[in-house]
Amino acid sequence: MRLAAVAPSLLDLVGSTPLVELQRLSPKPTVRIVAKLEGQNPTGSIKDRVARAMIDAAEESGELTPGRGLLEPTSGNTGISLALVARLRGYPLTCVVPANVTEERRRLLRLYGAELVDSPPEEGSNGAVRLALELAERDPSLFMPFQYANDANPRAHYEGTGTEIATALERIDVLVAGLGTGGTLMGAGDRLRESFPDVVIAAAEPLPGDEVMGLRSLADGYVPPILDVSKLDRKLLVTNAESVAGLRLLLEREGIFGGVSSGAVIHAALRLANELDEGVVVCVLADGGWKYLSAKFWDTDDVEGAMERSVWW
Amino acid sequence: MAAVRIPPTLRAEVGGSRELEARGDTVGDVIDDLVQRYPALGAQLMQDGELASFVNVYLAGEDVRMRDGLDTPVGEGDHLILLPAMAGGV
């Protein structure tokens with residue numbers, strides 16, 4: 001009898017996530033929809049890949065040395081992933097978090113050992129980025145992996161997510177992923193294009209509530225340095241209500257409990273699947289719904305009203 | 001006529017409106033129409049004759065940069081959304 005493998009560390013279980021057919025969701029029998037379940041990573045999100053890759057790269061380059069503190073702006077998943085890696089590798093971590101993220105995420109960050117610094121809720125993720133950059137400038141002893149500008153982020157998706165998808169399927173027509181830092185779309189997109197030159201790389205993008213868009217000028221907007229928008233073939237805006245409808249459908253039809261961005265990805269994937277006569281649409285579902293259980297949107301008819309004051313992804 | 005949703009950051013420039021009607025056969029024409037009526041919008045939306053890099057314009061829920069940019073045709077009753085580029089990424 002052959003023994004099952006035992007991983008030397010939880011970090012060795014990052015990636016190699018399962019792919020599953022979404023047969024009951026597909027609008028027509030000639031179009032396959034396949035989901036990559038990133039919620040099955042050790043801390044429950046795709047960001048485990050990014051966190052491990054950024055810390056590995058910084059240790060290899062010598063930039064990150066024992067005892068140095070880590071700082072990162074994050075509304076949740078990246079912080080939780082970094083907190084796991086930081087704890088196992090012995091670095092203290094501070095996360096800059098918009099004050100209005102869900103309680104589960106704050107609690108998880110603390111349980112994994114991170115310290116939290118709140119950024120103004122009305123400034124959304126942009127505000128967390130701004131404050132973290134200020135703090136890093138004030139204290140040069142802190143190392144900021146900064147997922148928005150760190151090449152290890154898209155590289156983790158080129159070598160991991162993208163390669164795993166490209167080697168599992170014989171045909172891929174569309175890749176749909178949520179747009180946040182752009183890491184998944186850039187890295188996995190580049191890798192898929194190598195195997196499937198005509199693949200359409202499609203971003204699902206959140207339409208933020210008015211409350212979190214800030215009150216300052218458009219010039220305060222932020223485009224992550226790792227994001228090259230010209231590499232995207234489609235960019236679809238998804239409302240909070242559409243995202244929640246998408247995640248309800250995913251749960252009802254396929255039994256998959258996804259997070260808010262997964263709902264948005266499903267909404268976009270169905271729109272794109274409807275445009276195809278035949279083909280394969282791959283959806284990257286970044287996390288599960290567990291960290292959103294306390295959110296008010298599950299039990300209300302006014303989904304937009306319940307969501308407009310918070311950052312969801 | 002197309003309906004254009006105005007983000008909170010620009011509402012002061014248009015007298016507080018959340019949504020405006022505007023005329024034009026292309027995205028560029030619709031924006032020109034708005035800028036003629038509310039000149040303060042011009043500097044916020046445009047940069048050297050192009051859409052400013054921190055501004056995203058969506059037609060029927062799709063970013064017009066992925067289509068024909070300012071030349072993207074606009075139909076009667078279409079919905080446009082103006083948004084600042086936002087960081088996300090969780």
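Predicted model: local features only at pLDDT ≥ 70, side-chain atom pairs only at ≥ 80, totals over all residues.
Helix α5(A) is mostly covered, since 11 of its 15 residues count as buried.

**Buried residues along α5(A).** The buried set comprises A:A152, A:N153, A:P154, A:R155, A:A156, A:H157 and A:Y158, and it continues with A:G160, A:T161, A:G162 and A:I165. As a general point, residues three or four places apart in an α-helix point the same way, because there are 3.6 residues a turn.

**Kink and span of α5(A).** The helix bends by about 35° at a kink centred on A:Y158, a residue that is itself among the buried ones of α5(A). The end C-alpha atoms of α5 (residues 152-166) are 19 Å apart, which agrees with the 21 Å that its 15 residues should span at 1.5 Å a residue.

**The setting of these views within chain A.** Chain A contains 9 helices and 10 strands, and its C-alpha atoms fill a box of roughly 55 × 55 × 40 Å along the principal axes. Its radius of gyration is 19 Å, which agrees with the value near 20 Å that a compact globule of 313 residues would have. Of the 313 residues in the chain, 53% count as buried; among contacts between residues at least 6 apart in sequence, 73% join residues at least 24 apart.

How values were computed:
Residues numbered from 1 in each chain as written. Chains lettered and ligands numbered in written order. Helix = DSSP H or I, 4+ residues; strand = E, 2+ residues; numbered from the N terminus. Expected span 1.5 Å × (residues − 1). Bend = angle between axes of the 7 residues up to and from the residue. Buried ≥ 20, exposed ≤ 12 C-beta atoms within 10 Å, placed from the backbone. Rg over C-alpha atoms; globule rule 2.2 N^0.38 Å. Contact = placed C-beta atoms within 7 Å.
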